[in-house]
Amino acid sequence: MKNYYKINEISKLYNIGVDSIRYYEELGILHPKRASNGYRQYTTNDIHRLNVIRDLRSLGFSMQSIKAYLENQSISSSLAFMEKEEKIIKEKIKELKRIEESVKIRKKSLRQSQKIIPNQIQKEHFHKRKCVALKSSTNRSDADLQLVRLSKEYEKNLFIIGNFNTGYFLDMSDENDIHPHSVFIVGDNLESYEFLLPEGDYLTYYYKGKRDESNTYIKALLTYAHTHGYEIDDYAMEFFIIDDHETKIEEEFITQLQIKIK
């Protein structure tokens, strides 16, 4: 076994940039010797320290805490650090399990979406649903931006559950000027929410392709409701079941429209 290693050898061995290794030296964590030609020479002790740095950095420990640990290393301090490592690892495992569950739920949702029969008006009953919303411009491009902001605000919540729908509340007070008035996120498992969508019967309609056809189909739903004697609210909901989060092929987009009826 070699007694000394050059900085380039260490860099390739650990896939660490030369600048990072020099930074560790500046922090006083590594203590390379100098050969007669001035080149740095790293020992097996430096390699051990790089192992520790790599493992602890991967768990999120700061360089300051790693340096303090290495400078005062003992059985008791090692045991204390291992307790911290174990706690972080358990949290990471817990988080990964949440992510795994999120992926499973989304996979199931995507597969179910492939069974949707579009272009049919149906009456469906929905229980109360948790919802958050943000008022938006009537312009769809501006509404999309507001939806991004809302999603960002609830990013961690959504990432964990992986089972939610986004969309617009559509103002139907003037049937000749149907437009978005707010954006929403709906999810039964939202950990925090602003209000509940009311339980009841809704007229629903799925369609595929670009989302700019909603007003045409909303008017078809309104005609259906009037023909069958249903009372309706002055708003509708446009759900983005499949959009550019799942596919870049617009023909694969699926939008659902909902209007509550009495």
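I218 is buried in this predicted model, at a relative accessible area of 0%. The residue belongs to helix α8, which spans residues 214-227. Aromatic pairs and charges over rings follow.

**Around I218**
- Beyond its neighbours within four places in sequence, I218 touches L170, M172, I178, A236, L257 and I259.
- A236 is 18 residues from I218 along the chain, and their C-alpha atoms are 7.9 Å apart.

**Aromatic pairs**
- The model holds 11 aromatic pairs.
- Y23 and Y24 form a tilted pair, because their planes meet at 50°, between the cut-offs of 30 and 60 degrees. Their ring centres are 6.3 Å apart.
- Y23 is partly exposed, with a relative accessible area of 38%. Y24 is buried, at 11%.
- F184 and F239 make an edge-to-face pair, with 5.0 Å between centres and 65° between planes.
- That pair links distant parts of the chain: F184 lies in strand β6 (residues 179-186) and F239 in strand β9 (residues 235-242), 55 residues apart.
- F184 and F239 are both buried.
- One aromatic cluster is formed by F169, F184, F195, Y235 and F239.

**R129 over two rings**
- R129 lies over the face of F126, 4.2 Å from the ring centre.
- The charged end of R129 also sits over the ring of Y202, at 5.1 Å from its centre.

Technical notes:
Residues numbered from 1 in each chain as written. Predicted model: local features only at pLDDT ≥ 70, side-chain atom pairs only at ≥ 80, totals over all residues. Heavy atoms only, no water. Helix = DSSP H or I, 4+ residues; strand = E, 2+ residues; numbered from the N terminus. Buried < 20%, exposed > 50% of the residue type's maximum accessible area, 1.4 Å probe, protein only. Contact = heavy atoms within 4.5 Å. Phe/Tyr/Trp six-rings, centres within 6.5 Å; stacked < 30°, edge-to-face > 60°. Lys NZ or Arg CZ within 6 Å of the ring centre and 35° of its normal.
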